[in-house]
Amino acid sequence: MNTHLFSELGLAETLQRALAEREHTTPTPIQMKAIPEVLAGRDVVAIAQTGTGKTAAFALPILHRLASANCGVRASANRGVRARAPRALVLAPTRELAIQIAGEFRAYGTHLQLPLAVIFGGVGQGPQVNTLARGVDILVATPGRLLDLMGQRRVDLRRVEHLVLDEADRMLDMGFVRDVRRILAALPTVRQSLLFSATMPSEVARLASDFLRDPVRVAVTPQATPVERIRQSVFHVPTAGKRRLLAGILDDPALTRVLVFARTKHGANRLATQLEKGGVAADAIHGNKSQGARQRALERFRRGEVRVLVATDIAARGIDIDDISHVINYELPNVPESYVHRIGRTARAGAGGIAYSFCDEDERNSLVQIESLIRQRLTVIGNDPGPAPVRPAPVRPARGRPRRNGSGNGRRRGTPRVAKARAAQ
């Protein structure tokens with residue numbers, strides 16, 4: 001495709017005006033590939049990392065189609081169904097991402113009369129229920145809160161014409177596969193379905209096969225490959241030396257806006273407090289913080305009032321802030337794919353970025369897995385201890401009936417992961 005301007009994509013004049021007001025003239029590769037397919041009514045599987053412009057890739061054509069449908073008479077088949085029940089549903093894994101998606105829909109649809117609601121957990125449901133009761137065309141939701149409101153008959157999904165599963169791989173990583181399938185089963189069978197994911201593991205592929213009709217696949221980056229513009233380095237440092245190393249790195253004024261990753265909520269809180277005591281403006285964001293506290297921390301970080309934001313993986317997935325100069329992995333993730341998502345917070349909107357990782361002795365196997373995934377060695381700064389020691393493979397239990405969790409309810413171990421992920425929404 002040789003399209004290089006939004007004006008060549010056939011979008012409505014109202015959308016073109018909104019794009020011009022935001023000084024958006026040239027679509028990104030994922031937008032160039034996906035928008036024409038969505039406008040044509042095709043189901044789409046899109047492989048694109050956060051920061052590639054994927055939200056506009058589905059928001060713009062959905063807004064175009066909804067606005068075009070508003071010009072005609074609504075189908076008589078929908079008579080008896082409450083007017084202004086959602087016609088477009090976007091599912092997102094975290095509340096931060098849901099809020100950001102809703103913001104993009106509002107910005108692009110500023111000249112359209114298309115009411116929108118965004119619903120997520122962690123806050124009282126009253127205002128969200130009231131918004132739904134007034135009627136909306138577009139609903140952006142996290143799975144847990146949406147299922148809760150569906151169970152209370154507070155939301156009507158019988159008129160959904162357009163479905164988007166955004167960051168599907170993270171949604172399933174967080175244990176929402178059953179929730180997502182329950183929601184999809186409640187939707188009309190005749191609809192347009194779009195699935196956006198940074199990677200395409202087998203579970204996401206099965207979901208696409210089950211719920212999408214003859215989808216066209218578009219991709220703009222190799223699967224699970226980090227942004228090439230990011231300079232990636234690693235420090236081999238004992239656990240006890242990490243805090244001193246971080247403080248020394250932050251002495252460099254070139255680190256203007258820094259996102260630091262910790263593995264646990266407690267660790268994120270502790271590290272942010274230690275940085276503050278050392279004179280570095282810092283805040284923490286994680287699933288145990290209230291929605292208001294998380295939004296305030298993000299806004300302070302966005303405005304530059306806080307130089308360092310310490311985050312856990314789940315909380316950080318929805319962070320979409322330009323000009324993050326550095327990402328620092330204070331602790332390496334247990335899942336190598338999470339490394340790709342972490343460092344993708346920098347080098348956005350065509351800019352470059354730098355990612356530092358701290359690796360202690362117990363994390364060296366994690367480093368090996370990360371380097372195997374991204375197919376490159378991280379540049380070692382300081383001493384290189386050499387190859388990681390080979391550790392024996394863990395002994396797996398014999399196959400058979402699933403273990404009980406001790407409560408006698410027969411659920412598999414690990415089921416609480418879904419409850420924890422819901423709380424993080």
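What is the mean pLDDT of the protein, and what share of its residues reach 70 or more? I looked this up before anything else. The mean pLDDT (the predictor's confidence in each residue, from 0 to 100) is 84, and 83% of the residues reach 70 or more.

I noted the ground rules. This is a predicted model, in which local features need pLDDT of at least 70, side-chain atom pairs count only at pLDDT 80 or more, and totals for chains, interfaces and linings use all residues. Residues are numbered from 1 along each chain as its sequence is written, and side-chain values use heavy atoms, with hydrogens and water left out.

I found an open sheet of seven strands in the order 3-4-2-5-6-1-7, paired in parallel. Strands (E, at least two residues) and helices (H or I, at least four) are DSSP runs, numbered from the N terminus; two strands pair if DSSP finds at least two bridges between them. At the edges I have strand 3 (116-119) and strand 7 (216-219), each pairing on one side only. Strand 2 (residues 88-91) and strand 4 (residues 138-141) run parallel and are joined by four bridges. I see L91 opposite A141 in strand 4.

Helix pair. I checked helix 6 (residues 143-151) against helix 8 (residues 177-185): the angle is about 45° and the axes are 10 Å apart. Axes are lines fitted to C-alpha atoms, for helices over the stretch in contact, and angles run from 0 to 180 degrees between N-to-C directions. I list P143, L146, L147 and M150 of helix 6 and D179, V180, R182 and I183 of helix 8 as making the contact (heavy atoms within 4.5 Å).
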